[in-house]
Amino acid sequence: MRTIQTILYTEKNFFQEMTFRPAMPSTALARTAYFEPMRPGGAAPDHRGNDDMEAGRDVGAVIQAVAILRVLANAQAPQGVTAIARAAGLNPSTTLNILRTLVKEGLVAQDAATKTYGLDFGLLELARTLLNKTKVDVLQPHLQRLTTQFDATASVWRILPDHKATLVGRVLPENGVHIQFRIATRLPAFAGAVGRIVAAGSNPSEAALQAAFVRIRWNKPMPFETYMEEVARAREDGYAIDVGALIRSVTSVAAGIRDTEDLPRLVVAAHTFQGQLSPDGLTELGVELRRLCHEAQRALYGRSAPREPGNVSSR
């Protein structure tokens, strides 16, 4: 879509681009026809008692099959039915029936001699479109949903050993004025909402964190004690919020993706103009980012998501 106006400016070494785009017409909803075979005698299909066909209902057999696949994915060696059932929280009979089906579909391999099971090449066939994608590519559709829902710019930051965060991906809203960072933009790893997540997840010593803190060029300086309180809150909530403290007039919300060493390797953030979202809206955005990162953590690094905090309050 043609860009009408672009303003590029520098704010404390951070490049941001404000772009105005004309509003897009709403997309017409596609109508989908669903056809089913007729019952014997020409009667219409009967869904009575078929709970799995109801909208919004989870299909138990699918959940059980996925649980079994995750057990096998995390196992160091092929497993027997009893061990798989115990780890998946299923009874052995159900586990055996599902395993037989997965073997038939080529997703699980059976060793007939030892009566053990492991993953098979059929899974690679299903995942072939993901194999050549970067971590940012995998996150892209989820970030696009967030930008649309909250009218925010989404960004993905890679945390480097030199205590810098580098922008490796971004997704922009479809319409209106928005914030944009240049790819490869670098910022101090402990700065802003991103930095609070890094500090909360990497647990540096207070002395090291304070030494890094005083070198950050804050838009609105704050006492180090306030920063530490916000780091502690980010550790508890699973997301962090920066309201114009790092970049003037910009509110950022961030959550982290931990690697196999339990360190924040990637940080996903969303950026809006200050005042664009209410406190409740920022909380909702933070919870969505936390959920996205937990799911991505499991997919990218095989790490189970931590338990969701039970009480998340508005800021």
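1. A quick word on angles before the helix pairs: axes are lines fitted to C-alpha atoms, for helices over the stretch in contact, and angles run from 0 to 180 degrees between N-to-C directions. Keep in mind too that this is a predicted model.

2. With that in hand, start with α6 and α10. Helix α6 (residues 135-150) packs against α10 at an angle of about 165 degrees, and their axes are 11 Å apart. That angle makes α6 roughly antiparallel to α10, since angles over 145 count that way. The crossing of α6 past α10 is right-handed.

3. Who makes that contact? On the α6 side you'll find Lys135, Val138, Leu139, His142, Leu143, Arg145, Leu146, Gln149 and Phe150, while α10 brings Gly281, Glu284, Leu285, Glu288, Leu289, Leu292, Ala296, Leu300 and Tyr301. Sorted by class, the contact of α6 with α10 comes to eleven nonpolar, three polar and four charged residues.

4. Have a look at the charged residues here. Glutamate 288 and arginine 145 meet through their side chains in a salt bridge, at 3.6 Å from N to O. Glutamate 288 sits in helix α10 and arginine 145 in helix α6, so this pair ties together parts that are 143 residues apart in sequence. Searching the whole structure turns up seven salt bridges. As background, side chains of opposite charge can pair when their charged atoms come close.

5. Now the six-stranded sheet. It is open, its pairing is antiparallel, and the strand order reads β8-β7-β6-β11-β10-β9. At the edges are β8 (186-188) and β9 (240-243), each of which pairs on one side only. From one strand to the next, the twist averages 30 degrees.

6. Strand β6 (residues 153-159) runs antiparallel to strand β7 (residues 164-171), and six bridges hold the pairing. Serine 155 is placed opposite arginine 170 of β7. The two strands, β6 and β7, form a hairpin with four residues between them, and histidine 163 in the turn has a positive phi of about 60 degrees. I'd check that turn by eye.

7. The pairing of β7 with β8 is antiparallel, over three bridges.

8. Helix α10 (residues 279-301) lies across β9, β10 and β11, at about 25 degrees to β10.

9. β3 and strand β5 (residues 116-119) run antiparallel and are joined by two bridges; glutamine 79 has tyrosine 117 of β5 as its bridge partner.

10. Next, α1 and α2. The axes of helix α1 (residues 60-74) and helix α2 (residues 81-88) come within 9 Å and cross at roughly 110 degrees, which makes α1 roughly perpendicular to α2. The crossing of α1 past α2 is right-handed. Ala67, Ile68, Val71 and Leu72 of α1 make the contact with Ile84, Ala87 and Ala88 of α2. By class, this contact of α1 with α2 holds seven nonpolar residues, no polar ones and no charged ones.

11. Last pair: α8 and α9. Helix α8 (residues 206-213) packs with helix α9 (residues 224-237) at an angle of about 115 degrees, their axes 11 Å apart. Here too α8 passes α9 in a right-handed crossing. From α8 the contact takes Glu206, Leu209, Gln210 and Phe213, and from α9 it takes Phe224, Tyr227 and Met228. That contact of α8 with α9 splits into five nonpolar, one polar and one charged residues.

Note on methods: Residues numbered from 1 in each chain as written. Predicted model: local features only at pLDDT ≥ 70, side-chain atom pairs only at ≥ 80, totals over all residues. Heavy atoms only, no water. Pairing = 2+ DSSP bridges. Contact = heavy atoms within 4.5 Å. Parallel < 35°, antiparallel > 145°, perpendicular 65-115°, else oblique. Left-handed = near helix turned anticlockwise from the far one by under 90°. Nonpolar A, V, L, I, M, F, W, Y, C, P; charged D, E, K, R; others polar. Salt bridge = Lys/Arg side-chain N within 4 Å of Asp/Glu carboxyl O.
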